[in-house]
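Please look over the chain below.

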Amino acid sequence: MSSEAYRETRELAEGSWIGVDVGGTKIDAVLIDAEARILAELSAQTGASEGEEAVVDRIAEVIRALADAAGEHPLLGVGVGCPGQVNAADGVVRAAVNLSWFNVPLRDGLKKRLGSLPGAPEIQLANDVNALALGEYRFGVGRGARGLAYLAVGTGLGGGAIIDGKIVGGDNDFAMEVGHLSLRPEGRRCGCGMRGCPESYASGTGILSGIWEYLGEHPDSALNADVTLTMPQILKAARAGDALALKVIDEAGEMLGIVMAMCAVLLNPDLIVVGGGLGKAAADLLLPRAEASFKTRVLYPSSERVRVKLASVERAAVGAASLTMAT
Ligand SMILES: [Zn+2]
């Protein structure tokens, strides 16, 4: 091995990468090594109400602090995950509703603020669910998968996909917005303005809507006694056999299975990963229903070959850090 190649190999082994997950309320950031071991971590309030410049300032401060913490590990890249429509090619956040961001040139803003970082590390942006999907492919249950579809079941329903090690982006990195396939034109109204989107059934928002919609039909439900319904209450009621809670969970699971089937048909993945706070908290309820629904809606061999697994990488920041790692 030439001395230059040796140095490069050694640097990669000892290098570090920063990942930042910009959420609606919190900025979560990590400094990791090539094996996703956390070398340092930081979090800060997003403070979106202070405006985009203040938030970009804060993201830059967090990155700078982690770069300082890198010490002996050369910093080789910075990845930032953001909710909404994020254009990776030009580094612009086109629309992130929960940050009230529209056409924010985040990558240029960070480059301007971080120009003096040692080694001038590359900065990459991605949608947060794409970052989660990449993290799962690199470090989690998706290792070795040729095609991976990721479904994030939380307050909303997000999607991402990795094919042959690369994020499936499409024209403007807005592929896999599976929460807003208008599947039931006469169905429940979705926050996006359309009707019958999977998000209005298979998400925290969707499940709550379902409980309110069917409450009148189930006067005996334990959920009728409380006007401030929470997701843990609904899940507890479902596990105790409450008919109303089970009806809504059945609907959510069926819809999640339909989305899985669409992913299988369009992407031919070998793995579907279910993540998100609710996806994990309600996995015992949702996954068996989703898998049963999925299997009746896809042709052999997809019905037999596609594996469904729960996500194992907890933080989108870890996936974001891997955006600039060499494949
Ligand atoms: Zn929608």
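Two residues are in contact if their C-beta atoms, placed from the backbone, lie within 7 Å. By that rule, residues 24 or more positions apart account for 63% of the contacts in the chain with a separation of 6 or more. The model is predicted.

**Overall fold**

The chain holds 11 helices and 13 strands. Its C-alpha atoms fill a box of roughly 70 × 50 × 35 Å along the principal axes. A compact globule of 327 residues would have a radius of gyration near 20 Å; the chain has 21 Å, which agrees. Of the 327 residues, 45% count as buried.

**Strand β9**

Strand β9 covers residues 147-153, and seven of its seven residues are buried. In a regular strand the side chains alternate between the two faces of the sheet. G147, A149, L151 and V153 point one way from β9. L148, Y150 and A152 point the other way. Residues of both sets are buried.

β9 pairs with two strands, β10 and β12. The table sets out these pairings.

| β10 | 157-163 | antiparallel | seven | G147 and I163 |

A hairpin of three residues links β9 to β10.

**Helix α4**

Helix α4 spans residues 128-139. At 1.5 Å a residue, its 12 residues should span 16 Å; the end C-alpha atoms are 16 Å apart, which agrees. α4 is mostly covered, with 11 of its 12 residues buried. Among the buried residues are D128, N130, E136 and R138. V129, L132, L134 and Y137 are also buried.

**Two domains**

The domain assignment gives domain 1 as 15-135 + 316-324 and domain 2 as 144-310. Their centres, taken over C-alpha atoms, are separated by 28 Å. In the contact between them, 11 residues of domain 1 meet 14 residues of domain 2.

Which elements supply the side of domain 1 that touches domain 2? β5 (85-87), β8 (122-127) and α4 each supply at least two residues. α4 gives the most, with five residues. By class, this side of domain 1 has seven nonpolar, four polar and no charged residues. Thus α4 is both mostly covered and the element that gives the most to the side of domain 1 touching domain 2.

Conventions. Residues are numbered from 1 along each chain as its sequence is written. This is a predicted model: local features need pLDDT of at least 70, side-chain atom pairs count only at pLDDT 80 or more; totals for chains, interfaces and linings use all residues. Helices (H or I, at least four residues) and strands (E, at least two) are DSSP runs, numbered from the N terminus. The radius of gyration is taken over C-alpha atoms; the globule rule is 2.2 Å times the number of residues to the power 0.38. A residue is buried if 20 or more other C-beta atoms lie within 10 Å of its own, exposed if 12 or fewer, and partly exposed in between; C-beta atoms are placed from the backbone. Two strands pair if DSSP finds at least two bridges between them. The expected span of a helix is 1.5 Å times one less than its number of residues. Domain bounds come from an automatic or database domain assignment. Ala, Val, Leu, Ile, Met, Phe, Trp, Tyr, Cys and Pro count as nonpolar, Asp, Glu, Lys and Arg as charged, and the others, Gly among them, as polar.
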